[in-house]
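Colleague: Before I use this model, I would like to know what its helix descriptions rest on. Please set each term against its definition.

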Amino acid sequence: MTLLTSWATTLESLSFVLLVGGIEVGLSHFPFFACLSSEFRLLSSILGFSYSLIWFVVTVLHITQCPHGPFLGRFETVIFYWPSLLCLSFLLGRFLHMAVKSLRVHLGWVPQTEEKPFLEFHQAEHVKQLLRKPPLQEEKKSWFQTRIYEWDPCFQFPSRMIGTVVLAFICLYLFIVTEFCVFVYLREKLDVFEGTLENYIASVNQTGTLTPVILQVKELMNVSKGVWLVTILPASVTCVSYLFHILACYRKHMKRLWAGNRLFLPLKFHSPSSSGSVVAIARYSGWQIAYILWGYFIIHVMQSLLGMVIMYSLVLPIIHNQGLEMLHGLGIGILTVSIVLGLMVVQVWIASSFFLQPKMSATDKQKPLALNNRKAFHNFSYFLFFYNVLLGLGACLSRLLISCILGTWLIARIDRTIMQRGYEGADMGFGAWVGMLYVDHYHTNPVLVSFCHILIAGHRERRLQQVIKYGDLNQSAGARVSPRARTRWLLLQTLINNPRLVMLRKSKPDHGSREFIQILLTCSES
């Protein structure tokens with residue numbers, strides 16, 4: 001009980017420390033975002049440039065004072081901090097561009113640019129593309145466009161997705177470098193331990209009872225170090241490809257939602273809660289980076305285990321002059337699997353040839369699902385029952401193995417669930433992905449934004465026409481309008497738009513005025 005209490009206290013203090021650390025990092029970097037998004041462009045650009053320059057100078061001083069390190073040796077600090085220098089250089093250039101642009105506007109050298117339009121260009125092009133007739137013959141696509149990615153000028157990724165992917169790249173790079181430093185440290189410790197084992201073997205002249213075990217341990221350590229080092233590259237390439245694939249899946253899923261297609265989502269996610277979706281879009285960026293980092297580590301471990309299996313089953317037997325025994329065992333295994341798969345194929349062929357009724361039409365692709373020769377089918381099922389029990393044991397293990405492999409291989413893919421059907425709600429990462437998709441869908445749907453743009457533009461145009469019409473009353477060349485009638489008309493319009501002003505006006509004794517006031521009061525209450 002005391003141990004559980006201590007563990008709970010430790011976790012509570014750790015979560016509090018992480019929260020405080022996250023707030024500290026957020027506060028130290030908040031001025032960058034505040035200066036980038038401020039309306040006072042000239043002042044914010046100067047302050048942002050100064051703040052970025054301070055960070056850049058401090059980082060350069062830290063690198064020059066301590067350029068080397070204990071793990072990677074020369075230029076270890078440069079290897080860790082060059083992404084920060086690159087980002088700070090980009091911010092310096094961005095703030096300098098903002099300052100020059102704002103200064104030219106302030107001095108009147110160039111006209112002030114308009115604000116960001118409500119309907120962006122790519123959204124308008126997407127709606128135009130929907131309204132055009134599809135071409136009679138599609139353009140021939142290249143191998144890259146068909147198999148990997150096709151550029152769409154009518155789609156633009158939000159800055160949140162681009163920033164998340166860039167930050168994930170940087171975090172993945174730093175994680176890999178840190179993992180390599182830990183690997184170098186552990187390799188040095190293992191080398192010391194291996195030297196101790198060699199000294200022991202030399203002291204007993206390789207005749208001790210533990211000598212074979214020690215040699216196997218040395219071989220295990222050497223193989224583990226080599227496999228772990230070699231699998232860094234494929235694990236890194238896998239996670240980097242996942243980041244690009246996530247962008248492609250984002251575009252594909254958003255287009256499906258714009259078209260009203262939700263069949264690619266599980267049934268539970270067809271109508272998510274609004275509050276859950278808002279929280280999901282706030283969580284997505286952080287969770288995506290965390291999933292990529294954990295995914296890299298787990299994929300690296302799994303690939304290392306696979307490499308160990310290959311080394312001990314194929315490579316080491318050849319090195320130890322046991323190639324014939326290895327080929328003999330490999331041949332038996334391949335033959336066993338071939339026999340099992342062949343019997344499964346034979347069962348399907350027998351079922352198709354003898355236990356199904358013939359096709360009703362020559363154009364049918366397959367026979368109808370209608371049994372034929374039922375007695376023979378029952379005998380067939382009976383005699384294969386015992387074999388299928390044994391076959392099911394292997395099929396169950398293969399199902400478990402395949403699930404583990406796919407689950408660990410796709411653990412970094414937050415855009416798809418690794419849970420079985422009906423249990424997708426337990427996948428919190430996939431829930432964050434779906435909630436983020438819905439928020440972006442409801443706020444950036446090109447058809448919806450175009451419709452709102454048309455309404456806003458029409459409303460502004462009508463208001464402008466009314467202002468022009470009222471401003472030209474004095475200059476009208478048509479029928480004469482007395483100033484009193486014009487004043488009373490404007491008064492009526494004002495009272496209709498603001499019915500509560502009627503209570504502040506003097507009441508008149510005539511019946512028509514009281515009836516008019518009553519109508520306006522009724523409008524005010526409604």
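Modeller: A crossing is left-handed when the near helix is turned anticlockwise from the far one by less than a right angle, and right-handed when the turn is clockwise. The model is predicted, with pLDDT of at least 70 needed for local features and 80 or more for side-chain atom pairs, while totals for chains, interfaces and linings use all residues. Residues are numbered from 1 along each chain as its sequence is written, and side-chain values use heavy atoms, without hydrogens and water.

Colleague: Why are α6 and α7 called roughly antiparallel?

Modeller: Helix α6 (residues 159–203) and helix α7 (residues 211–230) pack at about 160° with axes 11 Å apart. The limits are under 35 degrees for roughly parallel, over 145 for roughly antiparallel, 65 to 115 for roughly perpendicular, and oblique for the rest. The pair is therefore roughly antiparallel. By the handedness rule, the crossing of α6 and α7 is left-handed.

Colleague: Which residues make the contact of α6 and α7?

Modeller: Contact means heavy atoms within 4.5 Å. Among the residues that meet this are F180, F183, R187 and D191 of α6 and I214, K218, M221 and W228 of α7. By class, the α6 contact with α7 has 13 nonpolar, two polar and seven charged residues. Asp, Glu, Lys and Arg count as charged; Ala, Val, Leu, Ile, Met, Phe, Trp, Tyr, Cys and Pro as nonpolar; the others, Gly among them, as polar.

Colleague: What makes α8 roughly antiparallel to α9?

Modeller: Helix α8 (residues 232–258) and helix α9 (residues 274–319) pack at about 150°, their axes 9 Å apart. That angle makes α8 roughly antiparallel to α9. Here the crossing is right-handed. Residues of α8 including P234, C239, Y242 and I246 meet residues of α9 including Y284, I292, G295 and H300. The α8 contact with α9 divides into eleven nonpolar, six polar and no charged residues.

Colleague: At what angle do α2 and α3 cross?

Modeller: Their axes cross at roughly 160° and come within 8 Å. That makes α2 roughly antiparallel to α3. The crossing of α2 and α3 is left-handed, and the residues of their contact are 18 nonpolar, nine polar and two charged.

Colleague: Which element gives the most to the lining of the largest pocket?

Modeller: Helix α6 does, with twelve residues. The largest pocket has a volume of about 1700 Å³. Of its 37 lining residues, F33, C87, G163, L167 and I170 are the closest to the centre. Two or more residues each come from α1 (2–37), α2 (41–65), α3 (76–106), α6 and α9. By class, the lining of the largest pocket has 25 nonpolar, ten polar and two charged residues.

Methods. Axes fitted to C-alpha atoms, helices over the stretch in contact; angles between N-to-C directions. Helix = DSSP H or I, 4+ residues; strand = E, 2+ residues; numbered from the N terminus. 1 Å grid on protein atoms, 1.4 Å probe; cavity = no way out; pocket = protein on both sides within 12 Å on 5 of 7 lines; lining within 4 Å. Points joined across faces, edges and corners; volume = space filled by probe spheres on them.
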